[in-house]
Amino acid sequence: MNQARRNWWTRMSLVIMVMLYMVVVIRTAWLSDDVYITLRTVDNFVNGYGLTWNPSERVQGYTHPLWMFALSLFYAVTGEAYFTTLLLALSVSVG
């Protein structure tokens, strides 16, 4: 088997494995109740109330600042929390 053909098979195998992984991740995707705590903080942050659970209280309701800021960035663009979270998680998982 020549080198070009072997490279093609290698690339196709990688593409098939990534696609199968994506199918497994999409079919088993779900959000736990803990995510909604972060999403409420993200919503408050995007709407200008700060990184709080309740706007009138200064209580940190998240334990993962990097993920919370990533969600905030994409939520500010889309305005939709559920599918934005799933797509971001899928992108990070595949990446």
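This is a predicted model: local features need pLDDT of at least 70, side-chain atom pairs count only at pLDDT 80 or more; totals for chains, interfaces and linings use all residues.
Colleague: How should I read the rings of W8 and W9 as a pair, and what are the distance of their centres and the angle of their planes?

Modeller: In general, a pair of aromatic rings is described by the distance of the centres and the angle of the planes. A search of the whole structure finds three aromatic pairs. In the pair formed by W8 and W9, the ring centres are 4.9 Å apart and the planes stand at 80 degrees, so the pair is edge-to-face.

Colleague: How are the rings of F45 and F69 arranged, and in which helices do these two residues lie?

Modeller: The centres of the F45 and F69 rings are 5.8 Å apart with their planes at 75 degrees, and because planes over 60 degrees apart count as edge-to-face, this pair is edge-to-face. The pair links distant parts of the chain, with F45 in helix 2 (residues 33-46) and F69 in helix 3 (residues 65-78), 24 residues apart. F45 is partly exposed at a relative accessible area of 33%, and F69 is partly exposed as well, at 40%.

Colleague: Which ring has the charged end of R40 over it, and what is the distance to the ring centre?

Modeller: The ring is that of W53, and the charged end of R40 sits over it at 4.1 Å from the centre.

Colleague: Which residues make up the largest nonpolar core, and which helix gives the most to this core?

Modeller: The general idea is that in soluble globular proteins, nonpolar side chains tend to be buried together. In this model, the largest nonpolar core has seven residues, namely L39, V42, Y62, M68, L71, Y75 and L88. Helix 2 and helix 3 each supply at least two residues of this core, and helix 3 gives the most, with three residues.

Colleague: How many residues of the lining of the largest pocket are nonpolar, polar and charged?

Modeller: The lining divides into 12 nonpolar residues, two polar residues and no charged residues.

Colleague: Where do G79 and V59 lie, and what separation do their C-alpha atoms have from those of V46 and T41 respectively?

Modeller: G79 lies in the loop between helix 3 and helix 4 and is exposed, with a relative accessible area of 53%. The C-alpha atoms of G79 and V46 are separated by 9.3 Å, although these residues are 33 residues apart along the chain. V59 has its place in the loop between helix 2 and helix 3, and at 41% relative accessibility V59 counts as partly exposed. Between V59 and T41, which are 18 residues apart in sequence, the C-alpha to C-alpha distance is 9.9 Å.

Colleague: And for helix 1, what are the C-alpha distances in space from M19 to Y62 and from V18 to F69?

Modeller: M19 is found in helix 1 and counts as exposed at 52% relative accessibility. V18 and F69 are 51 residues apart in sequence, and their C-alpha atoms are 27 Å apart in space.

Note on methods: Residues are numbered from 1 along each chain as its sequence is written. Side-chain values use heavy atoms; hydrogens and water are left out. Ala, Val, Leu, Ile, Met, Phe, Trp, Tyr, Cys and Pro count as nonpolar, Asp, Glu, Lys and Arg as charged, and the others, Gly among them, as polar. Rings of Phe, Tyr and Trp (its six-membered ring) pair if their centres lie within 6.5 Å; planes under 30 degrees apart count as stacked, over 60 as edge-to-face and the rest as tilted. Helices (H or I, at least four residues) and strands (E, at least two) are DSSP runs, numbered from the N terminus. Buried means under 20% relative accessible area, exposed over 50%, partly exposed in between (1.4 Å probe, protein chains only). A charge sits over a ring if NZ of Lys or CZ of Arg is within 6 Å of the ring centre and within 35 degrees of the ring normal. A nonpolar core is a set of buried Ala, Val, Leu, Ile, Met, Phe, Trp, Tyr and Cys residues joined through side-chain atoms within 4.5 Å.
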